[in-house]
Amino acid sequence: MNIVFSEQAEELAAKARQIADEYVRPQAAKYDKAQEYNHDAARAVAEAGLFRTFVPKEYGGHGAGVLALARVTEELAKADSGFGVAFAVNALGSFPMILGGTEEQKKEWLPQVASGERMVAFCLSEKYAGSDAQGLSVTAVADGDDYIINGEKKWTTNGGVADIYSVFCVTDPTSKSRRISAFIVEKGTPGFEIKKIEDKMGIRCVPVVETHFHNVRVPKRNLIGERAGLGFKHAMSTLDYARPGVAAQAVGAAQGALDLAIVYANRRKQFGAPISSHQMVQKMLADMAMQTEASRWLVYRAAAGIDAAPGDASNSKLAAMAKCMATDTAMHVATDAVQIFGGYGFMEDYPIAKFFRDAKILQIYEGTNQVQRMVISRHLIRAAANLDHLDPYIPVETQLTYAEPGQAVVNHNT
Ligand SMILES: Cc1cc2nc3c(=O)[nH]c(=O)nc-3n(C[C@H](O)[C@H](O)[C@H](O)COP(=O)(O)OP(=O)(O)OC[C@H]3O[C@@H](n4cnc5c(N)ncnc54)[C@H](O)[C@@H]3O)c2cc1C
């Protein structure tokens, strides 16, 4: 498979790098400490047209695809992983509409997302429904021309900042396969409240909140798709499209931590020489670089696969592989980067501690890495029929009996 970086994708990535250098990295510590959203950087992202990256051309976007989205996210996350997700969650929240919405819905909402005029959030998780996304309890009940939503969602990234929320609700509690439907809920709808802004270990510049729904009335035209019962399908296809984005966030975070570790290792002297001259530090740097580069290309491969063949069954497996590998890498690289900084790495006076704190969530959200491994192994086991021509056993008559070292091998069976 060819991984083709379009000129447009690279132009968008270059703009993202410029914004990261100018608006994100210099302010990262400040917004992290204050737990505040970087509105200036978000405005710059909107002005540069970066929210258009993932929106199809027909609705005011660039239609640049998942690979371009990954490139942009990577550049932003290299400066601040929290800002990377603050950007990428707009794609996560928009994909249900992009992939499953009606023409009318796409025309109404997506141009506003593309321009950056309105931010988006994704409300799937609940207090008692995380990895088991089928176990939702928030309900939406039809009432005349409307649906009425009741219940609570947990951990909505961009909550409060976002204007549009893709909310997954139970519409048919009796059905196993068509239990869930997704709705668009606008900020300010009566009964829809942002509650409890979480106090987090990392990605502190982006708000993660509880969203409460008390008799929230939304018109039936806000039901995403042509009919009720497609919500779980929309959620799963959304996650397949979005996981290369979170994986790209991880690659950016890993590269950001590695870059700092290299600079520090060259400057810090112990035993009369830069610590970068010590072989054990060199080994750490080499492993960090190898893993980051391998993750990067797996992410590009997964993203390019979705762009080239949107409905292909292998997309889901590759997206899970990319998410799992890149996020495990980010955690590992950030941990070793702190190690290279020694005691200074443990202090908030240096930027590396933040990379470490920010990395952990990558292994948890958009499906934990245990869930990713379940997705990957399920695909492998289902596809086992393709390997039926292989015999996993060596026929008895050709088995060898190995001799002791130095003696000739004797095959007793032939
Ligand atoms: C900062 C943050 C931001 C988030 N943003 C969003 C958002 O914007 N929108 C949204 O909808 N959600 C969001 N989430 C929720 C996130 O996706 C969930 O936290 C995640 O899916 C895990 O669910 P859980 O926390 O309930 O853990 P659980 O599902 O309770 O899992 C706990 C542990 O058990 C393991 N486990 C569970 N089931 C299995 C199994 N079958 N086999 C093996 N291991 C298993 C998990 O891997 C994990 O290690 C966010 C969460 C956080 C913390």
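**Notes on cavities, pockets and helix pairs**

1. Start with the lining of the largest cavity: by class it has nine nonpolar, two polar and one charged residues. Keep in mind that this is a predicted model. The residues in question are Leu69, Val85, Ala88, Val89, Ala91, Leu92, Phe95, Ala242, Gly245, Val246, Gln249 and Glu366.

2. Where does the largest cavity lie? Domain 1 (7-119) and domain 3 (232-384) both give residues to its lining, so the cavity lies between them. Its space comes to about 70 Å³. Searching the whole structure turns up three cavities of 30 Å³ or more.

3. Now for the open spaces. The largest pocket has a volume of about 1,200 Å³. It has 43 lining residues, and those nearest its centre are Ser125, Ile364, Tyr365, Glu366 and Gly367. Glu366 also turns up in the lining of the largest cavity. At least two lining residues of this pocket come from each of α5, β1 (120-123), β3 (146-157), α7 and α11 (369-382). Sorted by class, the lining has 20 nonpolar, 12 polar and 11 charged residues.

4. The second largest pocket is about 330 Å³ in volume. It is lined by 18 residues, with Arg25, Ala28, Leu260, Pro351 and Phe355 closest to its centre. Its lining is made up of eight nonpolar, one polar and nine charged residues.

5. Which elements build the second largest pocket? You'll find at least two lining residues from each of α2 (28-34), α4 (65-79), α7 and α10 (352-359). The largest share, four residues, belongs to α2. As for domains, domain 1 (7-119) and domain 3 (232-384) each put at least three residues into this lining.

6. Back to α5, this time for its packing. The axes of α5 and helix α6 (residues 103-115) come within 10 Å and cross at roughly 150 degrees. Angles over 145 count as roughly antiparallel, and the two helices are therefore roughly antiparallel to each other. The crossing of α5 past α6 is left-handed.

7. One more helix pair to look at: helix α8 (residues 279-308) and helix α9 (residues 314-341), whose axes come within 9 Å and cross at roughly 160 degrees. α8 and α9 are therefore roughly antiparallel to each other, and their crossing is left-handed. The residues of this contact split into 18 nonpolar, eight polar and two charged.

Technical notes
Residues numbered from 1 in each chain as written. Predicted model: local features only at pLDDT ≥ 70, side-chain atom pairs only at ≥ 80, totals over all residues. Heavy atoms only, no water. 1 Å grid on protein atoms, 1.4 Å probe; cavity = no way out; pocket = protein on both sides within 12 Å on 5 of 7 lines; lining within 4 Å. Points joined across faces, edges and corners; volume = space filled by probe spheres on them. Nonpolar A, V, L, I, M, F, W, Y, C, P; charged D, E, K, R; others polar. Domains from an automatic or database assignment. Axes fitted to C-alpha atoms, helices over the stretch in contact; angles between N-to-C directions. Parallel < 35°, antiparallel > 145°, perpendicular 65-115°, else oblique. Left-handed = near helix turned anticlockwise from the far one by under 90°.
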